[in-house]
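Colleague: I've got the sequence and the model open side by side. Could you walk me through how the pieces pack?

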Amino acid sequence: MILITGGAGFIGGNFVHHWFERAAANGLQAEPVVVFDKLTYAGNPATIARYLQSGQATLVQADIADREAVRTALATHLPRLIVHFAAESHVDRSIHGPGEFIHTNMVGTFSLLEEARAYWGALEGDAKAAFRFLHVSTDEVYGSLADTDPAFSETTPYAPNSPYSASKAGSDHLVRAYHHTYGFPTLTTNCSNNYGPYHFPEKLIPLMILNALDGKPLPVYGDGLNIRDWLFVRDHCEAICQVLDKGRCGETYNVGGINEIKNIDVVTTICRKLDALRPRADGTKYESLITYVADRPGHDRRYAIDPTKIQREIGWQPAETFESGIDKTVRWYLENTEWIDTVRSGAYREWIAKNYSGRQG
Ligand code: NAD
Ligand code: TYD
(Lines give C-alpha, C1' and ligand atoms only; values in the text may rest on other atoms or scores of the structure.)
(Ligands and ions follow the chains in the order given, each with its own letter.)
Protein backbone atom coordinates (compact mmCIF):
# COMPACT_ATOMS: atom_id res chain seq x y z
CA MET A 1 0.00 0.00 0.00
CA ILE A 2 1.25 3.50 -0.82
CA LEU A 3 -0.33 6.78 0.28
CA ILE A 4 -0.63 9.65 -2.19
CA THR A 5 -1.66 13.08 -0.95
CA GLY A 6 -3.32 15.25 -3.60
CA GLY A 7 -3.92 12.17 -5.76
CA ALA A 8 -7.13 13.62 -7.20
CA GLY A 9 -5.29 16.65 -8.63
CA PHE A 10 -3.48 17.07 -11.93
CA ILE A 11 -0.07 15.50 -11.27
CA GLY A 12 -1.19 13.25 -8.39
CA GLY A 13 -4.02 11.88 -10.56
CA ASN A 14 -1.64 11.22 -13.44
CA PHE A 15 0.68 9.55 -10.94
CA VAL A 16 -2.09 7.12 -9.92
CA HIS A 17 -2.57 6.17 -13.61
CA HIS A 18 1.17 5.89 -14.11
CA TRP A 19 1.64 3.73 -11.00
CA PHE A 20 -0.78 1.07 -12.28
CA GLU A 21 0.16 1.28 -15.96
CA ARG A 22 3.89 1.07 -15.18
CA ALA A 23 3.45 -2.09 -13.12
CA ALA A 24 1.22 -3.65 -15.79
CA ALA A 25 3.80 -2.84 -18.49
CA ASN A 26 6.35 -4.78 -16.46
CA GLY A 27 3.99 -7.74 -15.95
CA LEU A 28 3.58 -6.88 -12.26
CA GLN A 29 0.62 -6.35 -9.99
CA ALA A 30 0.89 -2.81 -8.57
CA GLU A 31 0.42 -2.23 -4.86
CA PRO A 32 -2.92 -0.55 -4.14
CA VAL A 33 -2.95 3.17 -3.41
CA VAL A 34 -4.71 5.34 -0.86
CA VAL A 35 -5.44 8.82 -2.15
CA PHE A 36 -5.58 11.33 0.69
CA ASP A 37 -7.18 14.45 -0.76
CA LYS A 38 -9.31 17.30 0.54
CA LEU A 39 -11.01 17.60 -2.88
CA THR A 40 -10.65 21.35 -3.22
CA TYR A 41 -11.74 22.98 -6.48
CA ALA A 42 -8.60 21.37 -8.02
CA GLY A 43 -9.33 17.83 -6.84
CA ASN A 44 -11.57 15.67 -8.98
CA PRO A 45 -12.29 11.98 -8.25
CA ALA A 46 -13.35 11.58 -11.91
CA THR A 47 -9.63 11.74 -12.79
CA ILE A 48 -9.00 8.45 -10.97
CA ALA A 49 -12.53 6.96 -11.23
CA ARG A 50 -11.27 3.86 -13.03
CA TYR A 51 -9.08 2.85 -10.08
CA LEU A 52 -11.59 3.85 -7.43
CA GLN A 53 -14.20 1.66 -9.13
CA SER A 54 -11.83 -1.32 -9.48
CA GLY A 55 -10.89 -1.07 -5.79
CA GLN A 56 -7.17 -0.61 -6.61
CA ALA A 57 -7.40 2.93 -5.18
CA THR A 58 -9.19 4.11 -2.04
CA LEU A 59 -10.09 7.75 -1.47
CA VAL A 60 -9.80 9.39 1.94
CA GLN A 61 -11.33 12.86 1.70
CA ALA A 62 -9.56 14.95 4.33
CA ASP A 63 -7.22 17.90 4.87
CA ILE A 64 -3.50 17.15 5.35
CA ALA A 65 -3.58 19.77 8.13
CA ASP A 66 -6.08 17.58 10.03
CA ARG A 67 -3.62 15.56 12.10
CA GLU A 68 -6.18 13.13 13.42
CA ALA A 69 -7.36 12.31 9.90
CA VAL A 70 -3.75 11.77 8.78
CA ARG A 71 -3.02 9.61 11.85
CA THR A 72 -6.11 7.48 11.24
CA ALA A 73 -5.28 7.03 7.54
CA LEU A 74 -1.74 5.91 8.36
CA ALA A 75 -2.87 3.53 11.12
CA THR A 76 -5.62 2.06 8.94
CA HIS A 77 -3.74 1.61 5.68
CA LEU A 78 -0.14 1.08 6.88
CA PRO A 79 1.55 2.54 3.78
CA ARG A 80 5.13 1.60 2.95
CA LEU A 81 5.73 5.08 1.51
CA ILE A 82 4.09 8.48 1.07
CA VAL A 83 4.17 10.64 -2.06
CA HIS A 84 3.14 14.17 -1.13
CA PHE A 85 1.53 16.14 -3.97
CA ALA A 86 -1.22 17.95 -2.03
CA ALA A 87 -0.85 21.71 -2.36
CA GLU A 88 -2.48 24.90 -3.44
CA SER A 89 -0.72 25.25 -6.77
CA HIS A 90 -1.81 28.29 -8.78
CA VAL A 91 0.32 31.46 -8.65
CA ASP A 92 -2.54 33.79 -9.65
CA ARG A 93 -4.77 32.43 -6.90
CA SER A 94 -1.93 32.92 -4.39
CA ILE A 95 -1.83 36.59 -5.38
CA HIS A 96 -5.58 36.99 -4.80
CA GLY A 97 -5.60 34.96 -1.55
CA PRO A 98 -2.36 33.69 0.01
CA GLY A 99 -3.96 32.32 3.21
CA GLU A 100 -4.93 28.93 1.78
CA PHE A 101 -1.38 28.52 0.47
CA ILE A 102 0.12 28.99 3.93
CA HIS A 103 -2.50 26.64 5.41
CA THR A 104 -2.00 23.74 3.00
CA ASN A 105 1.55 24.08 1.75
CA MET A 106 3.19 25.00 5.05
CA VAL A 107 0.91 24.07 7.97
CA GLY A 108 -0.43 21.06 6.06
CA THR A 109 3.04 19.78 5.16
CA PHE A 110 4.15 20.30 8.76
CA SER A 111 1.16 18.30 10.07
CA LEU A 112 1.78 15.53 7.57
CA LEU A 113 5.48 15.41 8.46
CA GLU A 114 4.72 15.19 12.17
CA GLU A 115 2.27 12.33 11.77
CA ALA A 116 4.43 10.52 9.20
CA ARG A 117 7.47 10.83 11.48
CA ALA A 118 5.55 9.31 14.39
CA TYR A 119 4.28 6.51 12.14
CA TRP A 120 7.79 5.80 10.79
CA GLY A 121 9.22 5.94 14.33
CA ALA A 122 6.99 3.04 15.35
CA LEU A 123 7.96 0.86 12.36
CA GLU A 124 10.60 -1.82 12.80
CA GLY A 125 13.15 -3.73 10.76
CA ASP A 126 12.78 -3.83 6.96
CA ALA A 127 9.56 -1.78 6.99
CA LYS A 128 11.34 1.05 8.78
CA ALA A 129 14.42 0.85 6.56
CA ALA A 130 12.37 0.88 3.36
CA PHE A 131 9.95 3.70 4.32
CA ARG A 132 10.18 6.87 2.20
CA PHE A 133 8.47 10.28 2.24
CA LEU A 134 8.73 11.89 -1.20
CA HIS A 135 7.91 15.60 -1.27
CA VAL A 136 6.89 16.96 -4.67
CA SER A 137 7.99 20.54 -5.18
CA THR A 138 8.59 23.11 -7.86
CA ASP A 139 11.39 24.99 -9.62
CA GLU A 140 9.62 28.23 -8.66
CA VAL A 141 11.32 28.14 -5.24
CA TYR A 142 14.54 29.26 -6.98
CA GLY A 143 13.00 32.53 -8.20
CA SER A 144 13.42 34.07 -11.64
CA LEU A 145 16.30 33.80 -14.15
CA ALA A 146 17.63 36.42 -16.54
CA ASP A 147 18.08 35.30 -20.15
CA THR A 148 21.77 34.47 -19.78
CA ASP A 149 21.67 32.89 -16.28
CA PRO A 150 22.48 29.19 -15.98
CA ALA A 151 19.52 26.87 -15.31
CA PHE A 152 18.52 26.04 -11.71
CA SER A 153 20.58 23.29 -10.09
CA GLU A 154 20.01 21.70 -6.68
CA THR A 155 22.49 24.18 -5.16
CA THR A 156 20.85 27.33 -6.54
CA PRO A 157 19.86 29.53 -3.55
CA TYR A 158 16.15 29.76 -2.84
CA ALA A 159 14.56 33.10 -3.85
CA PRO A 160 10.79 32.56 -4.10
CA ASN A 161 8.84 35.53 -5.47
CA SER A 162 5.13 34.67 -5.15
CA PRO A 163 3.10 33.59 -2.13
CA TYR A 164 2.79 30.20 -3.88
CA SER A 165 6.52 29.70 -4.36
CA ALA A 166 7.30 31.08 -0.88
CA SER A 167 4.89 28.58 0.70
CA LYS A 168 6.43 25.75 -1.32
CA ALA A 169 9.92 26.91 -0.29
CA GLY A 170 8.77 26.82 3.34
CA SER A 171 7.56 23.24 2.91
CA ASP A 172 10.86 22.23 1.25
CA HIS A 173 12.78 23.63 4.22
CA LEU A 174 10.63 21.68 6.68
CA VAL A 175 11.21 18.46 4.75
CA ARG A 176 14.94 19.11 4.67
CA ALA A 177 14.98 19.80 8.43
CA TYR A 178 13.06 16.61 9.22
CA HIS A 179 15.75 14.59 7.50
CA HIS A 180 18.61 16.56 9.03
CA THR A 181 17.22 16.63 12.57
CA TYR A 182 15.31 13.36 12.92
CA GLY A 183 16.85 11.21 10.19
CA PHE A 184 13.35 10.99 8.65
CA PRO A 185 13.79 9.31 5.21
CA THR A 186 12.79 12.11 2.83
CA LEU A 187 13.27 12.64 -0.89
CA THR A 188 12.46 15.95 -2.59
CA THR A 189 11.85 16.61 -6.28
CA ASN A 190 11.71 20.14 -7.72
CA CYS A 191 10.06 20.03 -11.11
CA SER A 192 9.47 22.52 -13.90
CA ASN A 193 6.05 23.33 -15.43
CA ASN A 194 4.01 20.23 -16.20
CA TYR A 195 1.35 19.83 -18.89
CA GLY A 196 -0.83 16.98 -20.10
CA PRO A 197 -4.22 15.30 -19.53
CA TYR A 198 -6.41 16.18 -16.50
CA HIS A 199 -4.79 19.64 -16.12
CA PHE A 200 -7.20 22.06 -14.44
CA PRO A 201 -8.07 24.81 -16.97
CA GLU A 202 -6.85 27.71 -14.86
CA LYS A 203 -3.25 27.03 -15.98
CA LEU A 204 -1.81 28.34 -19.25
CA ILE A 205 -2.01 25.30 -21.55
CA PRO A 206 -5.48 23.89 -20.77
CA LEU A 207 -6.92 27.42 -20.46
CA MET A 208 -5.69 28.29 -23.95
CA ILE A 209 -7.00 25.05 -25.49
CA LEU A 210 -10.47 25.42 -23.98
CA ASN A 211 -10.76 29.18 -24.60
CA ALA A 212 -9.74 28.63 -28.22
CA LEU A 213 -12.36 25.91 -28.70
CA ASP A 214 -14.98 28.25 -27.20
CA GLY A 215 -13.89 31.13 -29.48
CA LYS A 216 -12.89 33.19 -26.43
CA PRO A 217 -9.87 35.54 -26.16
CA LEU A 218 -6.50 33.87 -25.42
CA PRO A 219 -5.15 36.10 -22.60
CA VAL A 220 -1.35 36.39 -22.80
CA TYR A 221 0.12 38.21 -19.78
CA GLY A 222 2.51 41.12 -20.38
CA ASP A 223 4.68 40.82 -23.50
CA GLY A 224 4.29 37.03 -23.73
CA LEU A 225 8.06 36.56 -23.61
CA ASN A 226 8.25 34.88 -20.19
CA ILE A 227 9.89 31.49 -20.43
CA ARG A 228 8.88 28.21 -18.80
CA ASP A 229 10.62 24.81 -19.04
CA TRP A 230 7.79 22.44 -20.04
CA LEU A 231 7.66 18.77 -19.04
CA PHE A 232 4.99 16.24 -20.04
CA VAL A 233 3.28 15.12 -16.81
CA ARG A 234 3.92 11.41 -17.34
CA ASP A 235 7.67 12.11 -17.61
CA HIS A 236 7.44 13.76 -14.19
CA CYS A 237 5.54 10.76 -12.80
CA GLU A 238 8.19 8.39 -14.12
CA ALA A 239 10.93 10.55 -12.56
CA ILE A 240 9.15 10.27 -9.18
CA CYS A 241 8.93 6.46 -9.50
CA GLN A 242 12.65 6.29 -10.28
CA VAL A 243 13.59 8.60 -7.41
CA LEU A 244 11.51 6.39 -5.07
CA ASP A 245 13.45 3.36 -6.34
CA LYS A 246 16.95 4.80 -6.48
CA GLY A 247 17.08 8.20 -4.74
CA ARG A 248 19.29 8.82 -1.72
CA CYS A 249 17.49 9.89 1.46
CA GLY A 250 17.77 13.56 2.29
CA GLU A 251 18.58 14.46 -1.32
CA THR A 252 16.85 16.84 -3.70
CA TYR A 253 16.47 16.09 -7.42
CA ASN A 254 15.62 18.72 -10.03
CA VAL A 255 13.33 17.40 -12.77
CA GLY A 256 13.00 19.15 -16.12
CA GLY A 257 12.78 18.47 -19.82
CA ILE A 258 15.22 21.07 -21.22
CA ASN A 259 12.25 22.53 -23.07
CA GLU A 260 12.47 26.29 -22.53
CA ILE A 261 9.69 27.98 -24.48
CA LYS A 262 8.31 31.53 -24.51
CA ASN A 263 4.64 31.76 -23.51
CA ILE A 264 3.64 33.27 -26.83
CA ASP A 265 5.26 30.33 -28.66
CA VAL A 266 3.37 27.87 -26.46
CA VAL A 267 0.12 29.62 -27.36
CA THR A 268 0.81 29.79 -31.10
CA THR A 269 1.82 26.09 -31.11
CA ILE A 270 -1.55 25.22 -29.53
CA CYS A 271 -3.35 27.42 -32.07
CA ARG A 272 -1.64 25.71 -35.02
CA LYS A 273 -2.36 22.27 -33.59
CA LEU A 274 -6.04 23.18 -33.25
CA ASP A 275 -6.10 24.68 -36.80
CA ALA A 276 -5.04 21.24 -38.03
CA LEU A 277 -7.21 19.08 -35.78
CA ARG A 278 -10.35 21.22 -35.35
CA PRO A 279 -10.38 24.07 -37.95
CA ARG A 280 -12.71 26.96 -37.13
CA ALA A 281 -16.01 26.99 -38.99
CA ASP A 282 -15.45 30.53 -40.34
CA GLY A 283 -11.97 29.66 -41.69
CA THR A 284 -10.11 32.11 -39.44
CA LYS A 285 -7.02 31.02 -37.53
CA TYR A 286 -7.11 30.46 -33.76
CA GLU A 287 -4.17 32.88 -33.44
CA SER A 288 -6.60 35.73 -34.18
CA LEU A 289 -7.98 35.16 -30.64
CA ILE A 290 -4.65 36.03 -28.95
CA THR A 291 -5.10 39.07 -26.68
CA TYR A 292 -2.30 40.68 -24.67
CA VAL A 293 -3.55 41.54 -21.17
CA ALA A 294 -2.17 43.21 -18.04
CA ASP A 295 0.80 41.34 -16.59
CA ARG A 296 0.79 39.19 -13.44
CA PRO A 297 2.23 41.21 -10.51
CA GLY A 298 5.79 40.07 -9.77
CA HIS A 299 5.73 37.80 -12.84
CA ASP A 300 8.84 35.58 -12.90
CA ARG A 301 10.62 36.04 -16.22
CA ARG A 302 12.26 32.70 -16.82
CA TYR A 303 12.50 29.25 -15.26
CA ALA A 304 14.90 26.56 -16.46
CA ILE A 305 15.97 23.30 -14.84
CA ASP A 306 19.38 21.67 -15.04
CA PRO A 307 18.50 17.95 -14.76
CA THR A 308 22.13 16.70 -14.69
CA LYS A 309 21.87 15.18 -11.21
CA ILE A 310 18.78 13.07 -11.84
CA GLN A 311 20.15 11.97 -15.20
CA ARG A 312 23.54 11.00 -13.78
CA GLU A 313 22.49 9.46 -10.44
CA ILE A 314 19.11 7.97 -11.31
CA GLY A 315 19.35 7.52 -15.08
CA TRP A 316 16.01 9.31 -15.75
CA GLN A 317 15.33 10.91 -19.17
CA PRO A 318 12.07 12.39 -20.45
CA ALA A 319 10.35 10.33 -23.14
CA GLU A 320 8.37 13.18 -24.75
CA THR A 321 9.46 16.23 -26.71
CA PHE A 322 7.25 19.33 -26.45
CA GLU A 323 5.92 18.56 -29.94
CA SER A 324 4.86 15.01 -29.07
CA GLY A 325 3.58 15.97 -25.61
CA ILE A 326 1.47 18.91 -26.82
CA ASP A 327 0.01 16.75 -29.57
CA LYS A 328 -1.14 14.18 -26.99
CA THR A 329 -2.45 16.93 -24.74
CA VAL A 330 -4.51 18.78 -27.35
CA ARG A 331 -5.99 15.50 -28.61
CA TRP A 332 -6.86 14.52 -25.03
CA TYR A 333 -8.80 17.76 -24.48
CA LEU A 334 -10.62 17.28 -27.77
CA GLU A 335 -11.65 13.75 -26.78
CA ASN A 336 -12.51 14.19 -23.08
CA THR A 337 -15.33 16.68 -23.00
CA GLU A 338 -17.05 14.80 -20.16
CA TRP A 339 -14.11 15.37 -17.79
CA ILE A 340 -13.89 19.01 -18.89
CA ASP A 341 -17.58 19.54 -18.10
CA THR A 342 -17.07 18.17 -14.56
CA VAL A 343 -14.40 20.78 -13.73
CA ARG A 344 -15.98 23.87 -15.27
CA SER A 345 -18.45 24.46 -12.47
CA GLY A 346 -19.85 27.75 -11.22
CA ALA A 347 -16.79 28.13 -8.99
CA TYR A 348 -14.57 27.89 -12.08
CA ARG A 349 -16.50 30.63 -13.86
CA GLU A 350 -16.22 32.82 -10.76
CA TRP A 351 -12.43 32.41 -10.79
CA ILE A 352 -12.18 33.29 -14.49
CA ALA A 353 -14.23 36.45 -13.88
CA LYS A 354 -12.10 37.40 -10.85
CA ASN A 355 -8.71 36.87 -12.52
CA TYR A 356 -9.42 38.23 -16.00
CA SER A 357 -11.87 41.10 -15.56
CA GLY A 358 -9.88 44.30 -15.32
CA ARG A 359 -6.91 42.73 -17.13
CA GLN A 360 -8.09 43.33 -20.68
CA GLY A 361 -5.41 45.10 -22.72
P1 NAD B 1 -3.37 20.63 -8.35
O2 NAD B 1 -3.75 21.97 -7.85
O3 NAD B 1 -3.88 20.17 -9.68
O4 NAD B 1 -3.81 19.50 -7.30
C5 NAD B 1 -3.63 19.65 -5.92
C6 NAD B 1 -4.40 18.53 -5.21
O7 NAD B 1 -4.20 18.68 -3.79
C8 NAD B 1 -5.92 18.59 -5.45
O9 NAD B 1 -6.43 17.29 -5.66
C10 NAD B 1 -6.46 19.17 -4.14
O11 NAD B 1 -7.80 18.74 -3.83
C12 NAD B 1 -5.45 18.63 -3.14
N13 NAD B 1 -5.37 19.46 -1.92
C14 NAD B 1 -5.26 20.81 -1.85
N15 NAD B 1 -5.21 21.20 -0.56
C16 NAD B 1 -5.28 20.08 0.20
C17 NAD B 1 -5.26 19.83 1.60
N18 NAD B 1 -5.18 20.82 2.48
N19 NAD B 1 -5.33 18.55 2.03
C20 NAD B 1 -5.44 17.52 1.14
N21 NAD B 1 -5.47 17.70 -0.19
C22 NAD B 1 -5.40 18.96 -0.67
O23 NAD B 1 -1.79 20.61 -8.30
P24 NAD B 1 -0.75 19.87 -9.27
O25 NAD B 1 -0.47 20.73 -10.45
O26 NAD B 1 -1.20 18.47 -9.47
O27 NAD B 1 0.55 19.90 -8.36
C28 NAD B 1 0.85 18.82 -7.48
C29 NAD B 1 2.14 19.14 -6.75
O30 NAD B 1 3.19 19.30 -7.69
C31 NAD B 1 2.09 20.43 -5.93
O32 NAD B 1 2.76 20.21 -4.71
C33 NAD B 1 2.82 21.44 -6.80
O34 NAD B 1 3.43 22.43 -5.99
C35 NAD B 1 3.85 20.56 -7.48
N36 NAD B 1 4.30 21.00 -8.81
C37 NAD B 1 3.41 21.34 -9.78
C38 NAD B 1 3.88 21.71 -11.05
C39 NAD B 1 2.92 22.05 -12.18
O40 NAD B 1 3.37 22.46 -13.25
N41 NAD B 1 1.63 21.85 -12.02
C42 NAD B 1 5.25 21.75 -11.31
C43 NAD B 1 6.13 21.39 -10.29
C44 NAD B 1 5.64 21.00 -9.05
P1 TYD C 1 0.84 28.99 -15.24
O2 TYD C 1 0.29 27.87 -16.08
O3 TYD C 1 -0.08 29.69 -14.30
O4 TYD C 1 2.12 28.39 -14.48
P5 TYD C 1 3.25 29.16 -13.59
O6 TYD C 1 2.80 30.53 -13.29
O7 TYD C 1 3.30 28.30 -12.37
O8 TYD C 1 4.50 29.10 -14.41
O9 TYD C 1 1.47 30.07 -16.21
C10 TYD C 1 2.48 29.74 -17.12
C11 TYD C 1 2.92 31.01 -17.79
O12 TYD C 1 1.83 31.51 -18.59
C13 TYD C 1 3.25 32.12 -16.82
O14 TYD C 1 4.37 32.86 -17.33
C15 TYD C 1 2.02 33.00 -16.79
C16 TYD C 1 1.47 32.83 -18.19
N17 TYD C 1 -0.01 32.93 -18.33
C18 TYD C 1 -0.58 33.76 -19.29
O19 TYD C 1 0.14 34.43 -20.06
N20 TYD C 1 -1.93 33.81 -19.39
C21 TYD C 1 -2.75 33.10 -18.57
O22 TYD C 1 -4.00 33.22 -18.69
C23 TYD C 1 -2.16 32.22 -17.61
C24 TYD C 1 -3.01 31.40 -16.69
C25 TYD C 1 -0.78 32.17 -17.52
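Colleague: At what angle do helix 3 and helix 5 pack against each other?

Modeller: Ground rules first: this is a predicted model, where local features need pLDDT of at least 70 and side-chain atom pairs count only at pLDDT 80 or more, while totals for chains, interfaces and linings use all residues. Residues are numbered from 1 along each chain as its sequence is written, chains are lettered from A and ligands numbered from 1 in the order in which they are written, and side-chain values use heavy atoms, with hydrogens and water left out. Helices (H or I, at least four residues) and strands (E, at least two) are DSSP runs numbered from the N terminus, and axes are lines fitted to C-alpha atoms, for helices over the stretch in contact, with angles from 0 to 180 degrees between N-to-C directions. The axes of helix 3 and helix 5 (residues 99–122) are 9 Å apart, and the packing angle is about 35 degrees.

Colleague: Which residues of helix 3 meet helix 5?

Modeller: Contact here means heavy atoms within 4.5 Å. On the helix 5 side you'll find Phe110, Ser111, Leu112, Glu114, Glu115, Ala116 and Tyr119, and what they meet in helix 3 is Arg67, Val70, Arg71 and Leu74.

Colleague: How many charged residues does the contact of helix 3 with helix 5 have?

Modeller: Ala, Val, Leu, Ile, Met, Phe, Trp, Tyr, Cys and Pro count as nonpolar, Asp, Glu, Lys and Arg as charged, and the others, Gly among them, as polar. On that basis the contact of helix 3 with helix 5 has 6 nonpolar residues and 1 polar, and the charged ones number 4.

Colleague: What's the handedness of the crossing of helix 8 and helix 12?

Modeller: The axes of helix 8 (residues 204–213) and helix 12 (residues 322–335) come within 11 Å and cross at roughly 50 degrees. That makes helix 8 oblique to helix 12, given that angles under 35 degrees count as roughly parallel, over 145 as roughly antiparallel, 65 to 115 as roughly perpendicular and the rest as oblique. A crossing is left-handed if the near helix is turned anticlockwise from the far one by less than a right angle, and right-handed if clockwise. For helix 8 and helix 12, the crossing is right-handed.

Colleague: On to the rings: how far apart are Tyr41 and Phe200, centre to centre?

Modeller: Rings of Phe, Tyr and Trp (its six-membered ring) pair if their centres lie within 6.5 Å, with planes under 30 degrees apart counted as stacked, over 60 as edge-to-face and the rest as tilted. The count comes to 22 aromatic pairs. Tyr41 and Phe200 form an edge-to-face one, with 75 degrees between the planes and a centre-to-centre distance of 5.2 Å.

Colleague: Is Phe200 buried or exposed?

Modeller: Buried means under 20% relative accessible area, exposed over 50%, partly exposed in between (1.4 Å probe, protein chains only). Tyr41 is partly exposed at 26%. With 8% relative accessibility, Phe200 counts as buried.

Colleague: Where is Leu78, with its positive phi, in the chain?

Modeller: Phi of Leu78 is near 50 degrees, a positive value in a residue other than glycine. Leu78 is exposed, at 55% relative accessible area. Its place is the loop between helix 3 (67–77) and strand 4 (81–84).

Colleague: Last one: what does Arg50 contact, leaving aside neighbours within four places in sequence?

Modeller: Arg50 is in helix 2. Arg50 and His17 are 33 residues apart in sequence and 9.0 Å apart in space, C-alpha to C-alpha. Setting aside those neighbours within four places, the contacts of Arg50 are His17 and Glu21.
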